[in-house]
Structure formats: C-alpha cells, structure tokens
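Subject: Handover of a structure

Dear colleague,

Please find the structure below, handed over for your use.

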Amino acid sequence: QVHLVESGGGLVQPGGSLRLSCAASGNIFSINLMGWYRQAPGKQREFVATITSGGDTVYEDSVQGRFTVSRDNTKNMVYLQMNSLKPEDTAVYSCIYDDGETYWGQGTQVTVSS
C-alpha cells in the first residue's frame, strides 16, 4: 500500500503562482511514476504532468511552459510548480503514484480568481 498526501493548494489571482507538494509513504518501489492530475467542476479528471523516478517528464499541452513537475526521491516527494496561473486552471489537483499499481491522493483545491 502507498499513501499520498497533497498540500499547497489555495486561492491565487490570475498570473500568480502556487507550489503543490505530495508526500508518498508506505511500500515505495525505487522505480515508479509520480505526478499530477486535476478535475475541474463538472469535468472529467485530466492529466497534468508526470515524472519518472529517473526524471523524465511529460506535460499536458495547456500547462507546458507554465508548470514544472519535480521530485525528491530521497524524500518520496513530488512537486508541481505552477506559474502564470489562469482561471481555467481551477480544479482539485490529485497526486498519483504508479509502480504497476496506481494510487491516488485525496486532492488539494486550487482556485484561480480575482
């Protein structure tokens, strides 16, 4: 079992920045994929960004160049630095861990509004 806890969400004005963190605990394998998905009200959950344990990253097109996913393997942490935030980035952001089995965090709310 793997337990994921996100933090760092909140209310930010358009153009602002937030940094999300996700702590993984439990039976962590050294080779894994971690990252972020989001779900806006009334919409399906969508991919945001992932990073492998080797540091390879993939981004959804709309966040490319604005968001940066990173990780600290020594701490089993994954981060999402979000810059130039837009109202359409408003969503619940959930952390994901995958080593062949997929685990999800509870999510953290990000609201971009003036």
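I begin with Asp99. Setting aside residues up to four places away in sequence, Asp99 touches Asn27, Phe29, Ile31 and Asn32. Please note that the model is a predicted one. Asp99 sits in the loop that runs between S9 and strand S10 (102-104). Its relative accessible area is 27%, and Asp99 is therefore partly exposed. Between Asp99 and Arg71 there are 15 Å in space, C-alpha to C-alpha, and the two are 28 residues apart in sequence.

The overall architecture may be described next. The protein has 11 strands and zero helices, and its pattern along the sequence reads β-β-β-β-β-β-β-β-β-β-β. The radius of gyration is 13 Å, close to the 13 Å that the globule rule gives for 114 residues, so the protein is as compact as a globular protein of that length. Taken along the principal axes, the box filled by the C-alpha atoms is roughly 40 × 25 × 20 Å.

Of the contacts between residues at least 6 apart in sequence, 51% join residues at least 24 apart. The protein has an accessible surface of about 6100 Å², and carbon and sulfur atoms account for 47% of that surface. As for charge, there are 8 positive and 11 negative charges, and their mean positions lie 7 Å apart.

Because Cys22 belongs to strand S3 (residues 18-26) and Cys95 to strand S9 (residues 91-98), the pair ties together parts that are 73 residues apart in sequence. The torsion about the S-S bond of Cys22 and Cys95 is about -80 degrees, so the disulfide is left-handed. Both Cys22 and Cys95 are buried. In general terms, a disulfide is a covalent bond between the sulfur atoms of two cysteines.

Strand S3 also contains Ser25. In contrast to the buried Cys22, Ser25 is partly exposed, with a relative accessible area of 37%. Neighbours within four places in sequence aside, Ser25 is in contact with Gln1, Val2 and His3. Ser25 and Asn76 are 51 residues apart in sequence, yet their C-alpha atoms are 7.2 Å apart in space.

Asn76 itself deserves a remark on its backbone. Although Asn76 is not a glycine, its phi is positive, at about 55 degrees. Asn76 is placed in the loop between strand S7 (67-72) and strand S8 (77-82). With a relative accessibility of 26%, Asn76 counts as partly exposed.

Ser84 is not a glycine either, and its phi is positive at about 50 degrees. The relative accessible area of Ser84 is 40%, so Ser84 is partly exposed.

Yours sincerely,
A colleague

Conventions: Residues numbered from 1 in each chain as written. Predicted model: local features only at pLDDT ≥ 70, side-chain atom pairs only at ≥ 80, totals over all residues. Heavy atoms only, no water. Helix = DSSP H or I, 4+ residues; strand = E, 2+ residues; numbered from the N terminus. Rg over C-alpha atoms; globule rule 2.2 N^0.38 Å. Contact = heavy atoms within 4.5 Å. Areas by Shrake-Rupley, 256 points an atom, 1.4 Å probe, with all protein chains shown as cover. Lys, Arg positive; Asp, Glu negative; His and termini not counted. Charge placed at Lys NZ, Arg CZ, Asp CG, Glu CD. Disulfide = S-S within 2.5 Å. Buried < 20%, exposed > 50% of the residue type's maximum accessible area, 1.4 Å probe, protein only.
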